[in-house]
Amino acid sequence: MPDLDSLKHRLKQLLIERLKFEDMTPDDIGDDDPLFEGGLGLDSIDALEIVVMLESEFGLKIKNESSAREHFRSIGSLAKFVQERTAVRADA
Amino acid sequence: MRSPLAGLPHQIPFRATSRIEVVDEERARGVFHQSAADALGRGIPIEIFVIEAMAQTAGVLAFGRSSEPGFLSAIDEARIDRALCGGESFRLEVRLVKSFGRIHRFDGVAFDGVTEFARARFYLAAQDEAPEENEGR
């Protein structure tokens with residue numbers, strides 16, 4: 001499993017690719033920048049694309065919208081969520 | 001037996017799909033007939049009706065068992081290979097990729113016989129619940 005900083009960078013790359021952010025690089029996204037409501041200004045369709053991305057890239061299934069809301073708050077919280085969930089799966 | 005078309009809010013002339021068959025919980029098929037070469041006459045390409053027909057077909061999967069209204073929220077990566085002519089018919093296949101919250105993502109393909117004619121990714125959304133009448137008072 002990559003370290004947290006590598007994971008944050010990878011998630012930024014994936015967001016830029018999947019959500020088609022033109023002229024943006026991972027360096028343009030702060031670890032604690034809000035992804036929704038201000039910050040990057042993502043919307044509910046983008047949230048669904050993040051769910052699809054987590055499933056295809058990391059094998060993580062997200063079903064509960066209300067709990068996902070907190071995990072999707074920023075790149076930092078998303079990276080911690082991915083790291084924890086993949087670690088749990090590796091231990092199983 | 002109730003037709004899946006009866007579950008759509010669209011009726012003629014706003015219903016673009018002429019037949020819908022639900023294959024399973026994630027897939028449905030439809031048929032689109034183009035009756036005129038220039039149905040809109042306002043510079044809007046009639047080919048867009050094929051995408052609308054895909055969305056209506058998908059609407060039966062997303063909202064067919066529910067009384068809540070939904071709408072076509074977004075279209076992405078749409079590709080239409082050629083202009084279409086009046087009298088042509090297309091077979092539609094839509095697949096539910098993922099649902100999250102009130103949003104449903106679908107992939108759709110339209111076939112001219114066995115040849116792909118158009119494809120698109122599109123999103124259907126359930127309408128937000130109406131706020132309580134006394135909210136904020």
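User: What do E5(B) and E6(B) form, and which residue in the turn has a positive phi?

Analyst: They form a hairpin with two residues between them. B:Gly113 sits in that turn, with a positive phi of about 70 degrees. Keep in mind that this is a predicted model: local features need pLDDT of at least 70, side-chain atom pairs count only at pLDDT 80 or more, and totals for chains, interfaces and linings use all residues. Residues are numbered from 1 along each chain as its sequence is written, and chains are lettered from A and ligands numbered from 1 in the order in which they are written.

User: OK. How do E4(B) and E5(B) run, and how many bridges join them?

Analyst: They run antiparallel, joined by nine bridges. That's a hairpin too, with two residues between the strands, and B:Gly101 in the turn has a positive phi of about 60 degrees.

User: Zooming out, in what order do the six strands of the open sheet come?

Analyst: The order is E1-E2-E4-E5-E6-E3 in chain B, with antiparallel pairing. Two strands pair here if DSSP finds at least two bridges between them. E1 (17-22) and E3 are the edge strands, each pairing on one side only. On average, neighbouring strands are turned by 25 degrees against each other, direction ignored.

User: Which strands does helix H2 of chain A touch?

Analyst: H2(A), residues 44-58, packs on the sheet and touches E3, E4, E5 and E6 of chain B. The direction of H2(A) makes about 80 degrees with that of E4(B). Axes are lines fitted to C-alpha atoms, for helices over the stretch in contact, and angles run from 0 to 180 degrees between N-to-C directions. Helix H1 of chain B (residues 48-63) packs on the sheet as well, touching E1, E2 (27-33), E3, E4, E5 and E6 of chain B, at about 50 degrees to E6(B).

User: Switching to the chain contacts: how many residues of chain B are in contact with chain A?

Analyst: 10 residues of chain B contact seven residues of chain A. Contact means that the C-beta atoms, placed from the backbone, lie within 7 Å. On the chain B side, E3 (70-80), E4 (89-100) and E5 (103-112) are the elements giving two or more residues. E4(B) gives the most, three residues. That side of chain B has five nonpolar, two polar and three charged residues. Ala, Val, Leu, Ile, Met, Phe, Trp, Tyr, Cys and Pro count as nonpolar, Asp, Glu, Lys and Arg as charged, and the others, Gly among them, as polar.

User: Which residues of the largest nonpolar core touch the most other members?

Analyst: B:Val50, B:Met54, B:Ala58 and B:Ala110, out of 44 residues in that core. A core is a set of buried Ala, Val, Leu, Ile, Met, Phe, Trp, Tyr and Cys residues joined through C-beta atoms within 7 Å. Buried means 20 or more other C-beta atoms within 10 Å of the residue's own, exposed means 12 or fewer, and partly exposed is in between, with C-beta atoms placed from the backbone.

User: Which elements give two or more residues to this core?

Analyst: H1 (4-18), H2 and H4 (75-91) of chain A, together with E2, H1, E4, E5 and E6 of chain B. H1(B) supplies the largest share, 11 residues. Leaving aside neighbours within four places in sequence, B:Val50 contacts B:Phe32, B:Ile80, B:Phe90, B:Ala110 and B:Ala118.

User: What about chain A, how many helices and strands?

Analyst: Four helices and zero strands. The radius of gyration of chain A is 12 Å, close to the 12 Å that the globule rule gives for 92 residues, so chain A is as compact as a globular protein of that length. The radius is taken over C-alpha atoms, and the rule is 2.2 Å times the number of residues to the power 0.38.

User: And where is A:Asp31?

Analyst: A:Asp31 lies in the loop between H1 and H2 of chain A. With 16 other C-beta atoms within 10 Å, A:Asp31 is partly exposed. Not counting residues up to four places away in sequence, A:Asp31 touches A:Lys8, A:Ser74, A:Ile75 and A:Gly76.

Note on methods: Contact = placed C-beta atoms within 7 Å.
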